[in-house]
Amino acid sequence: GELPQLLFTSKVFLRSGFTPEEVLRMLTHGPAELTGVSDRVGTLSAGKDADFVVLSGQPLENGSKVTATYVNGNEVYKHHSPSDVLRIDASKVYTGSEVIHQASVSVARGKIQGVGKSVTVPEGATTRSYPSGVIVPGWIDVGAELGLGGPINDVIPLDTKLGNWLLSDDETVRYVRQSGITTAFVSSTRSPSPVMAFKLGDRPRVVKDPVAIRFAVTGEIAAAENSMRRTLASAKQYATAWSQYEASYRDYKNKLLEYEANKKKFDEAVKAAEQKKAEEEKKAKEPEKPKSESEASKPQDPKPVPATPTATPATTPPSNELKEPEKPKEPEKPKANAALEPYRPLFAGELIAMVDVESERLVEVAIKLFRQEFELPTVIVGGEAAVKQVELLRKHQVAVVAGPTLVREDTNETTNIPVELAVNSVPFLFQSQASSGARKLPDAIAYSVYRGLGVGDAVRGLTLEAAKQFKLPDIGLLATGKDADLVVLSGDPLDMGTEVLAVIIDGKIVYERGVEP
């Protein structure tokens, strides 16, 4: 069983210079030899008593707990953690902003509670220890065909909530998340289309719906430009009308409050004036009371002259001289159009325009329209065309979604798209454009790393940059308060030989290598 005081005392020996192996021997084989029972207990070998302990981590390591105890081959104790806190230990943690060696991540209630060399966890917390493992934020695929039972190849209304279409038993989701992908974006293959971001948990959870609107600038250049300009102009006109109405309505509500206060004062003044008038009229109608003989014969004292002038008492103006305040007029509400409603958050900067392009000339058209003319937050989808316009992309601060092809190898030339974007300071993200094939996305990125892409740039594109570009503040980074989406790897991220050891989504372990779900 668990003996906290004995284990604590054992750590004192470790600090005194004893090796872990020597201290472990003091607790097992040493006492067995001294008491003459080493032929039965004290070591694990064939023929001896089946007395052993299962630990959650390395023996004598901080945080290691006894998870089970066996005597004569029978389980006599099994730890059932009352805590919902999970601590994961690893050799490295890529937080998204830095790398911490020999660190831990603690999670509870779906959120990250701590990251660092020493994290606070309550007694009874579950611990997973990966001495050679590496923890990274969950991967983000910004263009997949997951969660909906297959790709959507039809035109769908822009106000469609794709979150309502999520399947709770999509086996493809369970398969893909084993590669470390924890969040995926889905949309129709026909543009324009709403884009929805969701988590690949046991019960898929919407992150944001919509997170973007996906457009396509395709075909002959002049026709594509004119068509898209008409679409955006109509959408902007609608969005502007509503934003102006909302501003006017806020102003109207403020003026209405001011009017109501003034109207109350006016009504009180009218009432006071009418009351005064009634009193004066009543007094005028009353006959003057005659004086008595004693009052009439009594000499009148002269009125005293005031030493200083006095203020003139306030008078109530007649009611017909009071001016009633004018009630403000409520602005006219624009006519609602469900097909254009999603453009309102787009033009307000709350959604992102994902623009598919198929040539370098169309990259120019897309930036001209979406960034320069209509000033929309924009991400270009199509790395092969985008790498030919890196100066334009950098100038207008436009990120690129690369994939599924990342390294283009022709007879006379090899183009590593993420490398070209990175060396030209153009932010980039990744997409698989696949269903079950989305599982191969990290492998494709690993090949790009093998051919020259920096690991840090690759990890950022798969995590923090994706979250940043699409304004998803709760994912993409391992920090206190963020969603507990993380992946445990067997080695350095995106190395060709690295494998996924565990995947955690919203604080729940959804995959462990070698463990049946």
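This is a predicted model: local features need pLDDT of at least 70, side-chain atom pairs count only at pLDDT 80 or more; totals for chains, interfaces and linings use all residues.
**View 1. Strands E2 and E3, joined by four antiparallel bridges.** Strand E2 (residues 66-71) and E3 run antiparallel and share four bridges; helices (H or I, at least four residues) and strands (E, at least two) are DSSP runs, numbered from the N terminus. Look for Thr69, whose bridge partner in E3 is Tyr77.

Residues are numbered from 1 along each chain as its sequence is written, and side-chain values use heavy atoms, with hydrogens and water left out.

**View 2. Strand E7 and its pairings with E4 and E18.** Strand E4 (residues 86-94) pairs with strand E7 (residues 126-137) in the parallel sense, over seven bridges. With strand E18 (residues 486-489), E7 pairs in the antiparallel sense, over four bridges. Ile135 has Val488 as its bridge partner in E18.

**View 3. Helices H12 and H13, crossing at roughly 155°.** The axes of helix H12 (residues 441-450) and helix H13 (residues 455-462) come within 10 Å and cross at roughly 155°; axes are lines fitted to C-alpha atoms, for helices over the stretch in contact, and angles run from 0 to 180 degrees between N-to-C directions. H12 and H13 are therefore roughly antiparallel (over 145 degrees). Their crossing is right-handed, meaning that the near helix is turned clockwise from the far one by less than a right angle. Leu441, Ile445 and Val449 in H12 meet Val455, Ala458 and Leu462 in H13, with contact meaning heavy atoms within 4.5 Å. The residues of this H12 and H13 contact split into six nonpolar, no polar and no charged; Ala, Val, Leu, Ile, Met, Phe, Trp, Tyr, Cys and Pro count as nonpolar, Asp, Glu, Lys and Arg as charged, and the others, Gly among them, as polar.

**View 4. Helices H5 and H8, packed at about 20°.** Helix H5 (residues 221-285) packs against helix H8 (residues 360-373) at an angle of about 20°, their axes 10 Å apart. That makes H5 and H8 roughly parallel (under 35 degrees). H5 passes H8 in a right-handed crossing. On the H5 side, the contact residues include Met228, Arg229 and Leu232, and on the H8 side they include Val365, Lys368 and Phe370. The residues of the H5 and H8 contact come out as eight nonpolar, no polar and five charged.

**View 5. Leu393, buried in helix H10.** Leu393 belongs to helix H10 (residues 390-395). At 0% relative accessibility, Leu393 counts as buried, which means under 20% relative accessible area (1.4 Å probe, protein chains only). Not counting residues up to four places away in sequence, Leu393 touches Val363, Ile367, Ile380, Ala386, Val398, Val400 and Val426. The C-alpha atoms of Leu393 and Glu364 are separated by 9.0 Å, and these residues lie 29 residues apart along the chain.

Key: Two strands pair if DSSP finds at least two bridges between them. Angles under 35 degrees count as roughly parallel, over 145 as roughly antiparallel, 65 to 115 as roughly perpendicular and the rest as oblique. Buried means under 20% relative accessible area, exposed over 50%, partly exposed in between (1.4 Å probe, protein chains only).
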